[in-house]
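Visitor: I'd like to learn how to read a structure like this one. Could you take me through a few features?

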Amino acid sequence: MKLQNIGFNFTDAISKGALLSVLDKDGRKNTMTVSWGQAGILWNREICTVYVRPERHTFSLCENAEVFSLSFFGEEKKDALSFCGTKTGRDVDKFDACSLSHSLQNGAIVFDDAHTTLILKVLYKSDIQQEKFLLDTPLSFYKSNGFHRAYTCEITDVLQK
């Protein structure tokens with residue numbers, strides 16, 4: 001299924017938060033809340049770009065994985081999204097702590113309660129670099145934290161419930 005065929009408003013959905021989940025090649029898994037991203041067409045493919053800071057536990061897993069999932073939930077999972085955005089997977093199993101029932105599909109983590117899940121295959125990654133900014137305004141997001149790595153991924157599947 002294609003994202004463009006389901007009438008899904010990605011911009012609205014990502015601004016409310018989503019879970020970026022990864023199972024790396026060593027079998028380690030984690031999920032984290034994200035609220036930045038883009039979806040569109042690049043290289044004649046339907047793509048989604050997500051951003052992860054290098055200090056996040058999920059970063060090392062993303063570096064060792066080829067597939068991610070990006071899952072969107074209803075209001076009933078607002079507390080889980082908040083928890084997964086403020087706690088680190090280094091210290092707590094977020095899946096258990098938030099009762100996030102999940103399975104694997106196409107090598108990606110899929111949550112039972114997600115209304116929409118994007119299965120993402122990593123095509124390209126690049127770091128945001130301070131010297132590339134043309135305006136100072138975005139730099140306010142980087143006062144004490146590292147610059148994000150952008151993961152540009154092909155949307156290989158869209159799952160809806």
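Visitor: Let's start with strand β1 (residues 18–23). How many of its six residues are buried?

Guide: A word on the source first. This is a predicted model, where local features need pLDDT of at least 70 and side-chain atom pairs count only at pLDDT 80 or more, while totals for chains, interfaces and linings use all residues. Residues are numbered from 1 along each chain as its sequence is written, and side-chain values use heavy atoms, with hydrogens and water left out. Now the terms: buried means under 20% relative accessible area, exposed over 50%, and partly exposed in between (1.4 Å probe, protein chains only). Helices (H or I, at least four residues) and strands (E, at least two) are DSSP runs, numbered from the N terminus. In β1, five of the six residues are buried, so the strand is largely enclosed by the rest of the structure.

Visitor: Which strands pair with β1?

Guide: Two strands pair if DSSP finds at least two bridges between them. β1 runs antiparallel to strand β2 (residues 29–34), and six bridges join them. Look at L23: its bridge partner in β2 is K29. The hairpin of β1 and β2 has five residues between the strands, and there G27 takes a positive phi near 85 degrees. β1 also pairs with strand β5 (residues 67–72), again in the antiparallel sense, over four bridges. In that pairing, L19 has S71 as its bridge partner in β5.

Visitor: How do I read aromatic pairs, and how many does a search of the whole structure find?

Guide: You describe a pair of aromatic rings by the distance of the centres and the angle of the planes. Rings of Phe, Tyr and Trp (its six-membered ring) pair if their centres lie within 6.5 Å; planes under 30 degrees apart count as stacked, over 60 as edge-to-face and the rest as tilted. The search finds 10 aromatic pairs here. Take F68 and Y151: their ring centres are 5.4 Å apart and their planes are at 80 degrees, so the pair is edge-to-face. F68 sits in strand β5 and Y151 in strand β9 (residues 149–160), so this pair ties together parts that are 83 residues apart in sequence. F68 is buried at 0% relative accessibility, and Y151 is buried at 0% too.

Visitor: What about Y142 and F147: are their rings stacked or edge-to-face?

Guide: Their centres are 4.5 Å apart and their planes are at 25 degrees, so they count as stacked. Y142 is buried at 10% relative accessibility, whereas F147 is partly exposed at 23%. Elsewhere, ring pairs link F8, F10 and F72 into a cluster.

Visitor: Where do W43 and S99 lie?

Guide: W43 is in the loop between β3 (37–42) and β4 (45–52), and it is partly exposed, with a relative accessible area of 47%. S99 is in the loop between α4 (94–97) and β6 (102–105), and S99 is exposed at 55%.
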